[in-house]
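Dear colleague,

I am handing over the structure we spoke about, with the sequence and the coordinates placed just below. My notes on what was found follow after them.

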Amino acid sequence: MKVGRQAKIIELIGRYEVETQEELCDLLNREGYDVTQATVSRDIRELKLTKVMHADGKQCYKALPGHVDYSQKYINIFRDGYISMDMAQNILVIKTASGMAMAVAASIDAFHFKEIVGCIAGDDTIMIAIRTVDDCLEVMKRLWDIAEGRREK
């Protein structure tokens, strides 16, 4: 649960300009994580998040490169949750361990594959829209290599 929650935190601060722990707590609660400010505070500390100044003067949480190897964390999340995958035209469907689909989808988003248009995650299933059938085959190969430990990303 903690790994999935922390993956969701990284996803949320990448998507939104989060200024406070309370804001992050609210976002996590809306995503289905029952968290308190104290839990969020511990996660921020463990993830070594920092606040950066935006051009408009807002200070928002960010994961700075070099503090933590997030790519390896995402690879581990993907490997821990992944069960199988199949494709239907340009739609890739990934089965995960129960309750892990959102965390695995966040890890896939973090890989920044240019072929992926977007992911939708349920409890144990992820649907990924991919630009073309050929791109879908390529993404499947890359994800399979990551799952099998043949490639880091």
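**Salt bridges, a helix and the core**

There are eight salt bridges in the structure, which, please keep in mind, is a predicted model. One of them joins Asp43 and Arg5, whose closest N and O atoms lie 2.5 Å apart; this pair links distant parts of the chain, since Asp43 belongs to helix 3 and Arg5 to helix 1, 38 residues apart. Asp43 is buried, with a relative accessible area of 1%, and Arg5 is buried as well, at 13%.

Another salt bridge brings together the side chains of Glu17 and Lys58, at 3.7 Å from N to O. Glu17 sits in the loop between helix 1 and helix 2, while Lys58 sits in the loop between strand 1 (50–53) and strand 2, so this pair ties together parts that are 41 residues apart in sequence. Here Glu17 is partly exposed, with a relative accessible area of 35%, and Lys58 is likewise partly exposed, at 32%.

A further salt bridge is formed by Glu115 and Arg142, with 2.9 Å between the closest N and O atoms. It too links distant parts of the chain, with Glu115 in the loop between helix 5 and strand 5 (116–121) and Arg142 in helix 6 (residues 133–148), 27 residues apart. Glu115 is buried at a relative accessible area of 6%, and Arg142 counts as buried at 15%.

Turning to helix 2 (residues 21–30), its buried residues are Gln21, Leu24, Cys25, Leu27 and Leu28. Because they cover an arc of only 165° around the axis, they lie on the same side of helix 2. In general, an α-helix has 3.6 residues a turn, so residues three or four places apart point the same way. The buried residues of helix 2 pack against helix 1 (2–15), helix 3 (37–47) and strand 2 (59–62). Just after helix 2, Gly32 adopts a positive phi of about 100°.

Finally, the largest nonpolar core contains 44 residues, and those with the most contacts inside it are Leu24, Phe78, Leu92, Ile94, Ile108 and Leu143. Helix 5 (residues 101–111) gives the most to this core, contributing eight residues. Leaving aside residues up to four places away in sequence, Ile94 touches, among others, Phe78, Tyr82, Met85, Ile108, Ile126, Ile128 and Leu143.

With best regards

Technical notes:
Residues numbered from 1 in each chain as written. Predicted model: local features only at pLDDT ≥ 70, side-chain atom pairs only at ≥ 80, totals over all residues. Heavy atoms only, no water. Core = buried A, V, L, I, M, F, W, Y, C linked by side-chain atoms within 4.5 Å. Buried < 20%, exposed > 50% of the residue type's maximum accessible area, 1.4 Å probe, protein only. Helix = DSSP H or I, 4+ residues; strand = E, 2+ residues; numbered from the N terminus. Contact = heavy atoms within 4.5 Å. Arc of directions from axis to C-beta. Salt bridge = Lys/Arg side-chain N within 4 Å of Asp/Glu carboxyl O.
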